[in-house]
Amino acid sequence: MALKFWIASAMAAAVTLVAPAKAAEPSGLVAVERAAAALAPKNWTPPHTPDGKPDLQGIYNTGNITPFERPAELAEKPFFTPEEAAAFEKRIVTGRNFDRRDGPAAADVARAYNDFWWDFGNNVTRTLQTSIVVDPPNGRKPALTPEAEKRTAALVGAIKKRCETEICTPSNGGSNGVGFGLQRPATAIQDRPYMERCILWPTAGPPMLPSGYNNNYEIVQTPNYVMIYIEMVHDYRIIPLDGRPHLDQSIRQLMGDSRGRWEGSTLVVDTTNFADDTDFHWAGRNMHLVERFTRVAPDAILYEFTVDDLTTFVKPWSGALVMSKTAGPIYEYACHEGNYGMTGVLSGARAAEKNRASQQ
């Protein structure tokens with residue numbers, strides 16, 4: 001008996017010695033995947049294409065009012081209860097009123113359109129997450145690396161320096177290294193962000209995130225390709241599934257170079273070769289993006305993405321949302337048709353320069 005007790009005690013001590021000091025952080029993506037699986041009706045069987053692959057085809061909408069990063073007041077709460085979600089939705093929708101005319105003229109102009117034109121959605125994503133970012137588990141992006149902090153500070157500093165001597169106007173987009181809300185020089189068209197120039201929308205993807213309107217995506221499949229038509233700025237992503245390698249690293253594209261493969265019921269899309277001036281929350285040419293598309297219900301796809309750019313963030317991070325099926329068709333988004341915004345920005349800056357010169 002004493003020998004057995006000694007052996008048992010020694011084994012327990014050994015386990016204690018090799019046990020990790022701290023348990024690994026739980027995966028936010030795993031929790032979201034479980035929540036998404038609960039959206040499926042009882043005994044539902046996911047559809048397949050004639051060639052036997054999971055059928056993702058259809059038009060889906062990403063619009064929702066889930067915060068991108070978790071608000072401080074929800075720091076320890078990765079999911080809403082249904083009652084909490086309803087209260088949050090009511091508060092956000094009630095407070096979001098673009099028909100207001102209070103405040104100075106600049107605030108009125110910054111609201112851009114009245115409520116008729118906006119289509120954020122009125123609900124949080126269907127898994128009831130409190131943030132789209134789910135890994136790290138705190139729902140917040142990781143810190144920037146010292147290199148990235150230096151890089152972004154230099155970029156912002158250069159813009160501010162130009163704005164000391166040039167007329168600058170607000171920027172609502174950050175698809176080419178400018179960040180949202182910065183004042184931008186208005187000397188030439190090239191000074192303005194890609195979204196204003198109808199070239200690329202910051203949230204159109206990849207990754208594909210909710211925007212103020214035009215949140216529809218159409219997925220079409222063949223045995224060798226998946227095509228995603230993006231409503232915003234009418235872009236297309238044509239993703240080969242035949243195992244071909246990525247483009248040579250010398251070839252860079254604003255939306256990167258995507259390659260797809262099937263892992264069970266999930267389409268995995270691997271994207272590299274982003275351009276120097278493509279930035280996603282400051283990640284750029286070194287970003288390695290992995291997206292996962294899984295049909296979880298007759299009217300829903302779980303969309304997950306992981307950003308890996310260790311020259312920008314201290315560790316990889318991930319987000320997720322539910323894309324909900326919607327009736328079509330998607331109408332053409334003719335961004336430049338009747339678009340006088342760029343003319344207004346540049347001519348307004350020239351008028352401001354003349355006014356400033358006359359006062360000197």
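**A loop and what lies beyond it**

Guide: Tryptophan 282 sits in the loop between strand 9 (266-272) and strand 10 (288-297). Keep in mind that this is a predicted model. Start with the backbone. Tryptophan 282 is not a glycine, yet its phi is positive, at about 85°. Most residues other than glycine have a negative phi. How far does the solvent reach tryptophan 282? Its relative accessibility is 23%, so tryptophan 282 counts as partly exposed. The cut-off for buried is under 20%.

Threonine 278 belongs to the loop between strand 9 and strand 10 as well. Is threonine 278 buried or exposed? It counts as buried, because its relative accessibility is 8%.

Now compare the loop between strand 6 (225-230) and strand 7 (235-240), which holds histidine 234. Histidine 234 has a positive phi too, about 40°, and it is not a glycine. At 34% relative accessibility, histidine 234 is partly exposed.

Most peptide bonds are trans. The bond from proline 206 to proline 207 is cis, with omega near -5°. Proline 207 lies in the loop between strand 4 (183-185) and strand 5 (216-221). The bond from glycine 328 to proline 329 is also cis, with omega near 0°. Proline 329 lies in the loop between strand 12 (317-325) and helix 6 (341-358).

Next, the rings. How many aromatic pairs does the structure hold? There are 17. One of them joins tyrosine 113 and tyrosine 213, edge-to-face, with 6.1 Å centre to centre and 70° between the planes. Tyrosine 113 is in the loop between helix 4 (105-110) and strand 2 (133-135), and tyrosine 213 is in the loop between strand 4 and strand 5, so this pair ties together parts that are 100 residues apart in sequence. Tyrosine 113 counts as partly exposed, at 39% relative accessibility. Tyrosine 213 counts as buried, at 10%.

Another pair is made by tyrosine 303 and phenylalanine 305. This one is tilted: 6.1 Å centre to centre, 35° between the planes. Tyrosine 303 is buried at 0% relative accessibility. Phenylalanine 305 is buried at 1%. Both rings belong to a cluster linked by ring pairs.

Helix 2 (residues 28-37) packs through its buried residues against strand 2, strand 10, strand 11 (300-308) and strand 12. Which residues of helix 2 are buried? They are Gly28, Leu29, Val32 and Ala36. Down the axis of helix 2 they fall within an arc of 95°, so they line one face. An α-helix has 3.6 residues a turn, so residues three or four places apart point the same way. The face of helix 2 turned away from the buried side carries the exposed residues Arg34 and Ala37. The N-terminal end of helix 2 is capped by serine 27. A side-chain oxygen of serine 27 lies 3.3 Å from the backbone nitrogen of leucine 29.

How values were computed: Residues are numbered from 1 along each chain as its sequence is written. This is a predicted model: local features need pLDDT of at least 70, side-chain atom pairs count only at pLDDT 80 or more; totals for chains, interfaces and linings use all residues. Side-chain values use heavy atoms; hydrogens and water are left out. Helices (H or I, at least four residues) and strands (E, at least two) are DSSP runs, numbered from the N terminus. Buried means under 20% relative accessible area, exposed over 50%, partly exposed in between (1.4 Å probe, protein chains only). Rings of Phe, Tyr and Trp (its six-membered ring) pair if their centres lie within 6.5 Å; planes under 30 degrees apart count as stacked, over 60 as edge-to-face and the rest as tilted. The arc is that of the directions from the helix axis to the C-beta atoms. Contact means heavy atoms within 4.5 Å. A polar contact is a pair of N or O atoms within 3.5 Å; within protein, one must be able to donate a hydrogen and the other to accept it, and residues adjacent in sequence count only if both atoms are side-chain atoms.
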